[in-house]
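Welcome, and please take a moment to turn the model around before reading on. The paragraphs below will walk you through it step by step.

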Amino acid sequence: MSTVTTGLARGAWTSRAGFILAAAGSAIGLGNIWRFPTTAGEYGGGAFVLVYLGFVLLVGIPVLLAELSVGRATERNPVGAFKALVPGSWWPAVGALGVLTGFGILSFYSVIAGWTLGYLWLAVTGAFSGALSSEESGAIFQQLVGNPLLPTLLALAFLVLTALIVRGGISGGIERASRILMPAFFVILLILTVRAVTLPGAGKGLEFLFTPDFSEIHIQVVANALGQALFSLSLGMGAMITYGSYLQKRESLPIVGFSVALFDTLIALMGGVLIFSALAFAGAESTTSGPGLVFVALPTIFHTLPFGTGFAIAFYALLAIAALTSTISLLEVIVSYLVDQRGWARARATWGMALACAVLSIPSALSLGGSPFFTRFVGEVSFLDLMNIVWGNYSLSLGAMAICLFVGWKWGVRNALAEIQAEGNRFALAPLWSFLVRFVCPLGVAAVLAYIIFNRQYF
Ligand code: TRP
């Protein structure tokens, strides 16, 4: 098996901590701090959170283990992995859908990531040094994202940063950097969150986030919670097949899988607590919604901290880094496919795809006022929102269902368990996992998708 050409050099995760950091780096990103609070805000708060947690346990963790086992068993990219296990079948198309999905997600994700660069600049220039009302904060946001040129340039800048790292291989650079930066991100997030919950009025935000109103649970809440669980854990498109392909046989997949899922979920909940406390403090309605929610909420609390500007700078710098460890994993899937399966040179694949993605990101970058056409692309739904829903919810759901069907029925749980239990590793929950992968996950996901198609409630 020759996948030596992939950028995460084979020896990359020589330690368990190295892998957990890289996989957690992929999982933890804007999905936790931006997408989770935004989606929770739009789809009912506590009810959404509850359904989301259910999906993490019942679908997310089982699919994570399924992807890791396929990756480690084959040591290949998603397309190559299916080809290796079932040659001459149509299953590699599932891997190809994953590659396409990576492209779609990266195209809008880089726009939001670009905003974090813009906010880093605003923080450095002292825009958040004084008290800001949510209206004033909203105006700052609108000025940045409504600009017809700036968001596109920022997205491009972010893709160039991503390409520079993916091009050069991740082993020494990003993995070593993640060891310091991800813990730093966690500490800053913790301090901000503690500050936010102790601000006057914060309780209302927490109530919104943690009091489920069961009458709020309708199909869109369920579909978005499923999509968010998969998105946040980087599942459904083969990213974890790719990362798993670099893991050593002696590692316990259940242990590393649970650790990644636990970190990711904790950080999403912290992100939600931080944002909704800040919103409640600033006096904004808890139902304030849309992609700007997070960017508007946070600047209202920096001035309540000593060294507020320093905090703002550190926070946006670390958020950009968290986003970067995620965009790397998205681009890496596309690049490893082109290099391994199509024989492209790594440099050509990296720069070619980053630039193609930059072009595809333009409509998303114009989706918050830059262009009226893309701002209201389908009814009230912007182009960016559409990308987010199509790739981030539906395509990931479809991919996750396919991976479960593959592992559960085609390749077979027995083969998967042999991989998971390689070199004497134990997996006490094997029977439960088999049941979830064979029945609960595929049927659950299929039911959600079927309901949506049948009732035409796509958004
Ligand atoms: N999980 C990342 C986040 O929450 C985003 C991401 C990176 C992703 N790689 C992925 C999402 C693969 C889906 C699939 O920010």
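A backbone N or O atom of Ser 232 lies 3.2 Å from a nitrogen atom of the ligand. That is a polar contact, meaning a pair of N or O atoms within 3.5 Å; within protein, one must be able to donate a hydrogen and the other to accept it, and residues adjacent in sequence count only if both atoms are side-chain atoms. A nitrogen atom of the ligand is also 3.0 Å from an N or O atom in the side chain of Ser 234, and a ligand oxygen is 2.8 Å from a polar backbone atom of Gly 31. The protein covers 100% of the 360 Å² of accessible area that the ligand has on its own (areas come from the Shrake-Rupley method with a 1.4 Å probe; for residues, only the protein chains shown count as cover). In total, 17 residues surround the ligand, and the closest are Ala 27, Gly 31, Tyr 109, Phe 231 and Ser 234; a residue counts as near if one of its heavy atoms lies within 4 Å.

A word on the background: this is a predicted model, in which local features need pLDDT of at least 70, side-chain atom pairs count only at pLDDT 80 or more, and totals for chains, interfaces and linings use all residues. Residues are numbered from 1 along each chain as its sequence is written, and side-chain values use heavy atoms, with hydrogens and water left out.

Let's stay with Ser 234 for a moment. Ser 234 lies in the loop between α10 (219-232) and α11 (239-244); helices (H or I, at least four residues) and strands (E, at least two) are DSSP runs, numbered from the N terminus. With a relative accessible area of 12%, Ser 234 is buried (buried means under 20%, exposed over 50%, and partly exposed in between, with a 1.4 Å probe and protein chains only). Its phi is near 60°, a positive value in a residue other than glycine. Most residues other than glycine have a negative phi. Phe 307, in the loop between α13 and α14, also has a positive phi, of about 55°. Phe 307 is exposed, at a relative accessible area of 73%.

Now look at the aromatic rings. Rings of Phe, Tyr and Trp (its six-membered ring) pair if their centres lie within 6.5 Å; planes under 30 degrees apart count as stacked, over 60 as edge-to-face and the rest as tilted. By this rule the count comes to 30 aromatic pairs. In one of them, the rings of Trp 115 and Phe 295 have centres 5.5 Å apart and planes at 80°, so the pair is edge-to-face. Trp 115 lies in helix α5 (residues 92-124) and Phe 295 in helix α13 (residues 293-297), so this pair ties together parts that are 180 residues apart in sequence. Both Trp 115 and Phe 295 are buried.

Tyr 119 and Tyr 316 have ring centres 5.3 Å apart and planes at 50°, so that pair is tilted. Here too distant parts of the chain are linked: Tyr 119 is in helix α5 and Tyr 316 in helix α14 (residues 308-342), 197 residues apart. Both tyrosines, Tyr 119 and Tyr 316, are buried.
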